[in-house]
Amino acid sequence: VNVESFKQDNPLTVDAIKEQRSRIIAKSKMADKHYIPFSLDQQKIIAHTPKPASIMSIICSIYMIRRIMRDPSRRTKVYHRIVLVLCVHTIILCLALFLGTWPMP
């Protein structure tokens, strides 16, 4: 198979994709004339800001869950069951927020 004839027949070669990607990036930067990338310190602040808030939210949700589960009269009420489920959901969400930036390179 001739490589040159393959490139002419197939428009989605690696070179064409790279060229198209660079054109898209150039257009997006031209569209936003006031684009200023974040500095390294700003990126670190953005990455670490949600961590204390998520820890506090997890602690408060655990406290509410313990308080509802220890009292039998609260466990029977629909309101407290809904709050219990919302606290479990909040714990899952806050864990995702807390761990969110760690897998990034």
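Me: How much of the protein chain is buried?
Reply: In this predicted model, buried residues make up 13% of the 105 residues in the protein chain.

Me: What share of the contacts comes from residues 24 or more positions apart?
Reply: Taking the contacts in the protein chain with a separation of 6 or more, residues 24 or more positions apart account for 50% of them.

Me: Let's look at α4. How many residues does it have, and what does it span?
Reply: Helix α4 has 21 residues, and the distance from its first C-alpha to its last is 30 Å, which is close to the 30 Å expected at 1.5 Å a residue.

Me: Which residues of α4 are buried?
Reply: The buried residues of α4 are Lys 51, Ser 54, Ile 58, Ser 61, Ile 65 and Ile 68. Viewed down the axis of α4, these buried residues fall within an arc of 115 degrees, and therefore they line one face of the helix.

Me: What is exposed on the other side of α4?
Reply: On that other side of α4, the exposed residues are Met 56, Ile 59, Tyr 63 and Arg 70.

Me: Which elements do the buried residues of α4 pack against?
Reply: They pack against α3, α5, which covers residues 72-76, and α6, which covers residues 78-99.

Me: Take α3 then. At what angle do α3 and α4 pack?
Reply: Helix α3, residues 40-48, and helix α4, residues 50-70, pack at an angle of about 5 degrees, and their axes are 5 Å apart. Because angles under 35 degrees count as roughly parallel, α3 is roughly parallel to α4.

Me: Which residues meet there?
Reply: From α3, Ile 46, Ala 47 and His 48 meet Pro 50, Lys 51 and Pro 52 of α4. Sorted by class, the contact of α3 with α4 has four nonpolar residues, one polar residue and one charged residue.

Me: Changing topic to α6: what should its 22 residues span, and how far apart are its end C-alpha atoms?
Reply: At 1.5 Å a residue, the 22 residues of α6 should span 32 Å, and the end C-alpha atoms of α6 are 32 Å apart, which agrees.

Me: Where do the buried residues of α6 sit around the axis?
Reply: The buried residues of α6 are His 80, Val 83, Cys 87, Ile 91, Cys 94 and Phe 98. Around the axis they cover an arc of only 90 degrees, so they are on the same side of α6.

Me: What covers them, and what is exposed on the other side?
Reply: The cover over the buried residues of α6 includes α4 and α5, while Val 78, Val 85, Leu 86 and Ile 92 are exposed on the other side of α6.

Me: How far is Ser 54 from Leu 93, C-alpha to C-alpha?
Reply: The C-alpha atoms of Leu 93 and Ser 54 are separated by 8.6 Å, although the two residues are 39 residues apart along the chain. Leu 93 lies in helix α6, and at 45% relative accessibility Leu 93 counts as partly exposed.

Me: And Ala 96 to Ser 54?
Reply: For Ala 96 and Ser 54, which are 42 residues apart along the chain, the C-alpha atoms are separated by 9.0 Å. Ala 96 lies in helix α6, and Ala 96 is partly exposed, with a relative accessible area of 47%.

Conventions:
Residues are numbered from 1 along each chain as its sequence is written. This is a predicted model: local features need pLDDT of at least 70, side-chain atom pairs count only at pLDDT 80 or more; totals for chains, interfaces and linings use all residues. Side-chain values use heavy atoms; hydrogens and water are left out. Axes are lines fitted to C-alpha atoms, for helices over the stretch in contact, and angles run from 0 to 180 degrees between N-to-C directions. Helices (H or I, at least four residues) and strands (E, at least two) are DSSP runs, numbered from the N terminus. Angles under 35 degrees count as roughly parallel, over 145 as roughly antiparallel, 65 to 115 as roughly perpendicular and the rest as oblique. Contact means heavy atoms within 4.5 Å. Ala, Val, Leu, Ile, Met, Phe, Trp, Tyr, Cys and Pro count as nonpolar, Asp, Glu, Lys and Arg as charged, and the others, Gly among them, as polar. The expected span of a helix is 1.5 Å times one less than its number of residues. Buried means under 20% relative accessible area, exposed over 50%, partly exposed in between (1.4 Å probe, protein chains only). The arc is that of the directions from the helix axis to the C-beta atoms.
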